[in-house]
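Here is a short briefing for a first look. Take the sheet and the helices in turn.

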Amino acid sequence: MQSYTIGQAARLLGVSPDTARRWADAGRVATHRDAGGRRLIDGRDLAALSVEVARTGGEDDISYTSARNAFPGIVTAVKLGDVAAQVEIQAGPHRLVSLLTREAVEELGLEVGAEATARVKSTNVHIDRT
């Protein structure tokens, strides 16, 4: 399972590193330390927090924008069918859902907690694994 530093988590949540640190200190999300002493958040825990933040709002009321229609975020759900799949990404306050092939999901290694970028053009959403 992928883990994220406080700074990476803050970027994916659309908040400042100080806010992410305060949320961790308050027990809103569990952290652990790596060998270097950095605080890390497990991908699944970060995915759950990102859904909660989107639903309830964060502490900071920040204006969001996407450059070139790219939405970096974290995968919060993957539903696999025989041929097709549905992937949900929480990108700050934005929830994006993409329908794509099961093969693409498997090739990209998309799973809950993985960092990914949704790219939007018209009504199509393409997912890039980062």
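Helix 3 lies across strand 1 and strand 3, running at about 75° to strand 3. Angles run from 0 to 180 degrees between N-to-C directions, and axes are lines fitted to C-alpha atoms, for helices over the stretch in contact. This is a predicted model: local features need pLDDT of at least 70, side-chain atom pairs count only at pLDDT 80 or more, and totals for chains, interfaces and linings use all residues. Residues are numbered from 1 along each chain as its sequence is written, and side-chain values use heavy atoms, leaving out hydrogens and water.

- Three strands make an open antiparallel sheet in the order 1-3-2. Strands (E, at least two residues) and helices (H or I, at least four) are DSSP runs, numbered from the N terminus.
- Strand 1 (3-5) and strand 2 (32-33) are the edge strands, and each pairs on one side only. Pairing takes at least two DSSP bridges between two strands.
- Two bridges join strand 2 to strand 3. R33 has R39 of strand 3 as its bridge partner.

**Helix 1 and helix 3**
- Their axes come within 10 Å and cross at roughly 35°.
- A9, L12 and L13 of helix 1 meet L46, L49 and S50 of helix 3. Contact means heavy atoms within 4.5 Å.

**Helix 2**
- T19, A20, W23 and A24 are buried in helix 2 (residues 17-25). Buried means under 20% relative accessible area, exposed over 50%, partly exposed in between (1.4 Å probe, protein chains only).
- Cover for these buried residues includes helix 1 (6-13), strand 3 (39-42) and helix 3 (43-56).
- Just after helix 2, G27 takes a positive phi of about 85°.
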